[in-house]
Amino acid sequence: MHISMNIWVWVAAALTLCIYSFLYKDNPFYKFAEHLFVGVSAGYIMVMEFTNNIIPNLWNPLFVNHFDEKGRLVSCAFYQLFHDGRWNIGLLTLLPGLLGLMVLARLLPKVGWVSRWPLAFYFGAYQGLAIIGAMQAWVLAQVFGTLVTQGNPVFSLALFSTATQHPGWTTVVAAVSGPLMIVGVIATLTYFFFSTEHKGVVGGVAKVGIVYLMVGFGASFGYTVMARVSLLIGRIHFLLADWLGVVS
Amino acid sequence: MTFFERFLALDRRVIYPLVGLAVVLPLVFPIGFKVRPTPPAENLFRAVDRLKPGTPVLVSIDYDPSTEAELSPMAIAIFRHCIRRHLPLVVIALDPGAPGLGVTLLDKVARETHARYGVDYCFLGYKSGAEAVILAFGRDLRLAYPADYYNIPVEQLPLLRHVKNYDDLGLVISLAAANYPDVWVAYAHERFGARFAAGVTAVMAPEYYPYLDTGQLVGMLGGLKGAAEYEALLGRPGLGLKGMDAQTIVHLFIVLIIVLGNVAYFITRRQAARTRP
């Protein structure tokens with residue numbers, strides 16, 4: 001057993017145990033650790049965004065003379081404006097910076113409407129950028145994938161013939177998975193189609209869709225349980241290995 | 001009170017320490033359950049293994065410390081595999097909580113494999129706006145990353161001299177705890193034709209099986225089990241394989257509790273129906 005002599009390992013172990021104390025009941029140690037976690041996370045992300053975004057993309061081009069990747073001196077925009085009289089160089093940097101500042105107007109109720117302009121610009125630009133990629137990757141490719149699975153069409157006589165000639169788990173699953181996929185997609189979509197009442201044939205198909213949904217949710221729940229247990233294993237391993245040195 | 005009634009009335013705080021013991025004991029006394037790799041993990045392993053030595057691989061660390069337990073074992077296994085196969089690693093981060101993790105993981109693997117910075121691997125750091133970074137990388141990585149995490153201009157890194165965009169990369173792998181793989185598929189794969197694979201948390205894994213079926217993902221690792229499968233294929237045990245003993249025991253315990261709970265429920269309901277006037 002080699003107990004760690006690193007103060008930060010002890011701090012991490014203590015905070016871990018404070019969080020786990022909630023399992024008994026809510027208490028001030030848990031509350032302290034939770035608030036510390038939220039505050040440190042928010043502060044860390046703010047500093048990361050400031051140093052990786054604001055400084056190199058806004059502050060340096062506007063106010064700091066710097067060297068480019070080829071080692072050439074690049075004057076900042078304000079130097080060019082006041083020294084050389086060139087006013088248009090910094091515009092491409094200044095305008096996005098101004099739009100970003102306008103978003104902060106949201107914090108003041110009286111001028112909160114100002115923030116709608118940069119948000120509208122952002123949403124419009126993002127939609128234009130995303131729509132083609134999203135259609136291609138998330139709609140068209142998926143429709144194609146539903147009809148053609150791993151090179152085989154949904155109803156493949158060749159696969160059925162193989163399954164009948166050489167019956168086995170793999171061949172039967174390969175033969176029926178395509179038709180099952182189509183039935184599942186249509187049935188599940190029917191369940192979410194509310195423009196007609198779920199009675200008769202539509203109701204029956206919707207019920208099949210519910211079965212598919214439940215199977216999907218069950219698989220998802222199983223994976224979720226596995227994920228939570230994995231996170232617990234990670235924390236316990238830290239306590240046993242890094243803190244107490246009981247395991248390697 | 002019968003046994004089943006007492007079981008249904010059991011305080012959950014009795015179950016918590018039992019789950020804790022089910023995790024601690026297998027870690028302290030390993031059992032060595034075998035892990036059988038699944039096809040998505042095998043496909044990812046093969047995709048890396050079949051690359052020609054010297055072909056750069058881009059790994060994007062798109063998670064933060066809250067999911068480190070599931071994704072860092074994957075990252076370490078992939079880094080070790082790439083360095084063993086002499087595949088230069090280009091590592092970036094699209095999540096603001098990721099840079100520190102990236103530095104720690106790369107330093108750990110570099111120490112044990114004697115990998116050289118700038119030759120065998122490099123870390124370009126974090127840039128926000130995932131879509132913008134992925135799109136810029138498709139034209140020229142220098143648009144997104146003029147310098148690396150340590151502010152060394154990319155021109156001075158030998159391994160990036162012949163890397164301009166996705167055409168010069170053998171594979172792109174995103175290790176993600178949010179929907180970054182969706183963005184990578186939509187922009188890097190669909191628009192620029194990059195070969196793409198993902199390592200995701202177990203919660204997210206079911207969402208990405210459709211991408212495997214369409215071939216948009218060449219392979220996928222899901223959760224700590226995915227990391228264990230990759231380690232088994234690599235022949236280099238790590239935290240993934242070590243955690244599988246505890247994972248198995250806890251899962252068996254949970255199944256037992258659920259079965260007992262349901263049996264207790266139906267038996268007590270039947271007893272109540274019998275005693276009703």
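Trainee: What share of the contacts in chain A with a separation of 6 or more comes from residues 24 or more positions apart?

Mentor: That share is 32%. Two residues are in contact here if their C-beta atoms, placed from the backbone, lie within 7 Å. In chain B, 72% of the contacts between residues at least 6 apart in sequence join residues at least 24 apart.

Trainee: What should I know about the model and its labels?

Mentor: It's a predicted model, where local features need pLDDT of at least 70, side-chain atom pairs count only at pLDDT 80 or more, and totals for chains, interfaces and linings use all residues. Residues are numbered from 1 along each chain as its sequence is written, while chains are lettered from A and ligands numbered from 1 in the order in which they are written.

Trainee: What makes a residue count as buried, and how many in chain A do?

Mentor: You count the other C-beta atoms within 10 Å of its own, all placed from the backbone: 20 or more is buried, 12 or fewer is exposed, and in between is partly exposed. By that count, 7% of the 248 residues of chain A are buried. For chain B, the figure is 47% of 277 residues.

Trainee: Where are the domains of chain A?

Mentor: The bounds come from an automatic or database domain assignment. For chain A it gives domain 1 (1-89) and domain 2 (150-248). The contact between them takes seven residues from each domain. On the side of domain 1 of chain A there are four nonpolar, three polar and no charged residues. Nonpolar means Ala, Val, Leu, Ile, Met, Phe, Trp, Tyr, Cys or Pro, charged means Asp, Glu, Lys or Arg, and the others, Gly among them, are polar. The C-alpha centres of these two domains of chain A lie 40 Å apart.

Trainee: How many residues does each chain bring to the contact between A and B?

Mentor: Chain B brings 44 residues and chain A brings 39. The chain B side has 25 nonpolar, eight polar and 11 charged residues.

Trainee: What makes strand 1 of chain B largely enclosed?

Mentor: Six of the six residues of this strand (57-62) are buried, so the rest of the structure largely encloses it. Val57(B), Val59(B) and Ile61(B) point one way, and Leu58(B), Ser60(B) and Asp62(B) point the other way. In a regular strand, side chains alternate between the two faces of the sheet.

Trainee: How do you know that strand 1 and strand 2 of chain B pair?

Mentor: Strands pair if DSSP finds at least two bridges between them. Here five bridges join strand 1 to strand 2 (89-93), and the two run parallel. Val59(B), for example, has Val91(B) as its bridge partner.

Trainee: Which residues have the most contacts inside the largest nonpolar core?

Mentor: They are Val57(B), Val91(B) and Val172(B), in a core of 97 residues. A core is a set of buried Ala, Val, Leu, Ile, Met, Phe, Trp, Tyr and Cys residues joined through C-beta atoms within 7 Å. Helix 4 of chain B gives the most to this core, with nine residues.

Trainee: Why is His86(B) called exposed?

Mentor: His86(B) has 12 C-beta neighbours inside 10 Å, so it counts as exposed. His86(B) lies in the loop between helix 4 and strand 2 of chain B, and has a positive phi of about 60° although it is not a glycine. Most residues other than glycine have a negative phi.

Trainee: And why is Arg84(B) called partly exposed?

Mentor: Arg84(B) has 14 other C-beta atoms within 10 Å, so it is partly exposed. This arginine, Arg84(B), is found in helix 4 of chain B.

Key
Helices (H or I, at least four residues) and strands (E, at least two) are DSSP runs, numbered from the N terminus.
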